[in-house]
Amino acid sequence: QHGDLLQRIGILRKQLAFEMGIVVPSARIRDNIQLPAGEYAIKLRGVRVAGAELMPRHLLAVDTTSTAVPIEGLPTRDPSFGISAYWITPERRSEAESAGYQVVDAATVLTTHLMETIRTHAAELLTRQSVREMLDGLRETHPALVEDVVPAKLGLGAVHRVLQRLLREGIPVRDLVSILEALSDPADQTKDPEVLAEHVRKDVA
């Protein structure tokens with residue numbers, strides 16, 4: 001309430017869309033009385049894929065260097081990266097930063113965790129319809145390239161599976177021109193998405 005969480009998530013979606021080259025679906029936020037107070041869950045198509053517990057009115061001091069000395073607070077782990085951390089009261093912020101900790105508020109903890117979860121599940125978020133829309137957009141600027149590959153050599157499903165494999169390996173798919181150019185020649189010999197993805201990795205990774 002009275003916070004900027006919704007605004008942060010909107011910015012996050014735009015950032016990830018630019019970074020990874022996919023359309024990030026809108027996030028629906030709702031209260032769930034079945035969860036313990038302070039806990040949140042991140043669901044993908046109704047299935048919980050991540051979650052953690054936050055301490056309202058506290059800050060998270062994260063030991064990003066793994067060398068910071070212990071400080072007064074509630075020991076925990078940063079939910080995004082599993083790094084050792086402490087929940088501390090706001091008045092201990094300066095003390096924690098002086099000791100080498102990175103200090104963030106609860107909303108930042110949640111949005112960072114959401115961002116990393118989206119990165120992890122990017123392949124699942126990329127739908128066949130999204131790929132069609134990406135190709136339709138590219139067709140306006142590179143019609144010959146798109147027609148040379150889809151559907152002349154590969155079907156929409158094959159391109160979808162190649163892009164999913166790249167995303168699972170953390171390779172962005174925003175440079176669709178280079179990806180299709182990398183697919184054009186090997187698509188004459190094989191339709192195997194794994195083999196095709198390997199060709200793309202060599203050219204664009």
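This is a predicted model: local features need pLDDT of at least 70, side-chain atom pairs count only at pLDDT 80 or more; totals for chains, interfaces and linings use all residues.
Local features need pLDDT of at least 70 and side-chain atom pairs count only at pLDDT 80 or more, while totals for chains, interfaces and linings use all residues. Residues are numbered from 1 along each chain as its sequence is written, and side-chain values use heavy atoms, with hydrogens and water left out.

**View 1. Helices α1 and α3 pack at an angle of about 30°.** Their axes lie 10 Å apart; axes are lines fitted to C-alpha atoms, for helices over the stretch in contact, and angles run from 0 to 180 degrees between N-to-C directions. That angle makes α1 roughly parallel to α3 (under 35 degrees is roughly parallel, over 145 roughly antiparallel, 65 to 115 roughly perpendicular and the rest oblique). Helices here are DSSP runs of H or I with at least four residues, and strands are E runs of at least two, numbered from the N terminus. On the α1 side you will find Leu5, Arg8, Ile9, Leu12, Gln15, Leu16, Glu19 and Met20, which meet α3 residues including Leu110, Leu114 and Ile118; contact means heavy atoms within 4.5 Å. By class, this contact has 10 nonpolar, 3 polar and 3 charged residues (Ala, Val, Leu, Ile, Met, Phe, Trp, Tyr, Cys and Pro count as nonpolar, Asp, Glu, Lys and Arg as charged, and the others, Gly among them, as polar).

**View 2. The largest pocket is lined by 37 residues.** Look for Arg28, Ile29, Arg30, Ala41 and Ile42, the lining residues nearest its centre. Two or more lining residues come from each of α1 (5–20), β1 (39–44) and α3 (106–120). The lining has 23 nonpolar, 7 polar and 7 charged residues. (On a 1 Å grid over the protein atoms alone, a pocket is an open set of points where a 1.4 Å probe fits, with protein on both sides within 12 Å along at least five of seven lines; lining residues have an atom within 4 Å of a point.)

**View 3. Helix α5 (residues 128–139) packs against helix α7 (residues 156–168) at about 100°.** The two axes are 10 Å apart, and the helices are therefore roughly perpendicular to each other. Arg128, Val131, Arg132, Met134 and Leu135 of α5 meet α7 residues, among them Leu156, Val159 and Leu163.

**View 4. Helices α8 (residues 176–184) and α9 (residues 193–204) cross at roughly 125°.** Their axes come within 9 Å, and the angle makes α8 oblique to α9. Ser178, Ile179, Ala182 and Leu183 of α8 make the contact with Leu196, His199, Val200, Asp203 and Val204 of α9.
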